[in-house]
Amino acid sequence: MKSLNNQKSTLNVLRGLGSVIGLVGLCVILSIITPTFYKGSNILNILRQVSDISILAAGETFVILTGGIDLSVGSVLGFCGVILASVLKTTGSTLMGILVGLGLGSLLGFTNGMLVSKGGLPPFCATLGMMAVARGLAFVYTQGRPISSFEKSFRFLGTGYLGFIPMPVIIAFLVYLLVFIILKQTVFGRYVYSIGSNETATRLSGIKTDYYKTMVYTISGFMAGLGAVILTARINSGHPLAGQNYELDAIAAVVIGGTSLSGGEGSILGTLVGALIMGVIRNGLNLINVDPFWQQVVIGIVIIAAVLADSRAKMGRGR
């Protein structure tokens, strides 16, 4: 068992190293093509733009490590955004709005977890259904109209700075630090990897796999709620379309960062690098004036390449 764990650790390091080399290579190429890329203001702009996606990806990492997937995070973000925006407008309380957003996200994530662990639904089907429900409720609640204009204290979370660092970047950093500790230093983290490696063996060893699977979806929902807080504060609006397609970017960041879609292998640091790669690609394509529709094509190709690499790696190990 120890030898197997060592092999997986080595594999994770190599995957992470490959992602870092890819990120550095992208930065070098874009710095040569466009001189504005490496300016400090542009780098901070990239970090701020990827902050909400990277937070969703952090929650998605827990789910994918167990061998599941959460397709609902973008829609959950949109629904949480309009509800917390409504609370902010009604009560004027920033704290109340934030707590409602985080609580609603956690509740929807918990529902996903129960559907998967107790209801026996495949994660793809359960979260696909939640994706439709959450987006639909966002439109029903708002009738398609955004809820805008909030107090300065709330907007600070999305547009403020601590020193020269944007607040969303600081929040994302703290999230990744916490997730790193959970996955590396806690029993919960070890069980997450164990379920993804072999759920049956984990359950037979006496571990309550249903509980841990429910918890990882709850964490994913919580992260979607946190992403809603940051995005709503940044754009000063709760919009029913907010977060559309974010689930694809979050999943792509996790996979590009080296986490296996089969579960059991990967790291939160790899996810961070994957989110940065996504942000750098989008920023670079904008700087060289690539049509937004072609940007989607490029991002899609990158995702396919990452999944193909993961598939080839598993075939190589005979898994």
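1. D249 touches I53, M278 and R282, leaving aside residues up to four places away in sequence; contact here means heavy atoms within 4.5 Å. D249 sits in helix 11 (residues 246–256), and with a relative accessible area of 11% it is buried. Buried means under 20% relative accessible area, exposed over 50%, and partly exposed in between (1.4 Å probe, protein chains only). Helices (H or I, at least four residues) and strands (E, at least two) are DSSP runs, numbered from the N terminus.

2. On the basis of these points: this is a predicted model, in which local features need pLDDT of at least 70 and side-chain atom pairs count only at pLDDT 80 or more, while totals for chains, interfaces and linings use all residues. Residues are numbered from 1 along each chain as its sequence is written, and side-chain values use heavy atoms, with hydrogens and water left out.

3. On the annotated spans: the unreviewed UniProt entry carries the annotation "transmembrane region" for residues 12–33, 62–88, 95–115, 121–141, 161–183, 215–236, 248–281 and 293–309. UniProt positions are given in the numbering used here, feature names are shortened, and annotations may be inferred rather than shown by experiment. In the model, residues 62–88 are 74% helix and 0% strand, with end C-alpha atoms 30 Å apart. For residues 248–281 the end C-alpha atoms lie 15 Å apart, and that span is 68% helix and 0% strand.

4. On helix 10: this helix covers residues 209–235, 27 residues in total, and reaches 39 Å from its first C-alpha to its last, close to the 39 Å expected at 1.5 Å a residue. The expected span is 1.5 Å times one less than the number of residues. Helix 10 is mostly covered, as 21 of its 27 residues are buried. Just after helix 10, N236 takes a positive phi of about 55 degrees.

5. On L84: this residue belongs to helix 3 (residues 73–91) and is buried, with a relative accessible area of 0%. Its contacts, not counting residues up to four places away in sequence, are G97, G101, F154, A228, V229 and T232. L84 and G97 are 13 residues apart in sequence, and their C-alpha atoms are 4.7 Å apart in space.

6. On the surface: F173, L174, L177, F180, I181, L269 and L272 form a nonpolar patch with about 630 Å² of accessible area together. Helix 7 (167–185) and helix 12 (268–287) are the elements that give two or more residues to this patch, and the largest share, 5 residues, comes from helix 7. F173 lies in helix 7 and is exposed, with a relative accessible area of 57%. Patches are made of residues with over 30% relative accessible area and no salt bridge; like charges are joined within 9 Å, and nonpolar side chains (Val, Leu, Ile, Met, Phe, Trp, Tyr) within 5 Å. A salt bridge is a side-chain nitrogen of Lys or Arg within 4 Å of a carboxyl oxygen of Asp or Glu. Accessible areas come from the Shrake-Rupley method with a 1.4 Å probe; for residues, only the protein chains shown count as cover.

7. On backbone angles: most residues other than glycine have a negative phi. Q143, although not a glycine, has a positive phi of about 55 degrees. Q143 lies in the loop between helix 5 (123–142) and strand 1 (147–148) and is exposed, with a relative accessible area of 56%. N289 also has a positive phi, near 60 degrees. N289 lies in the loop between helix 12 and helix 13 (292–316) and counts as exposed at 68% relative accessibility.
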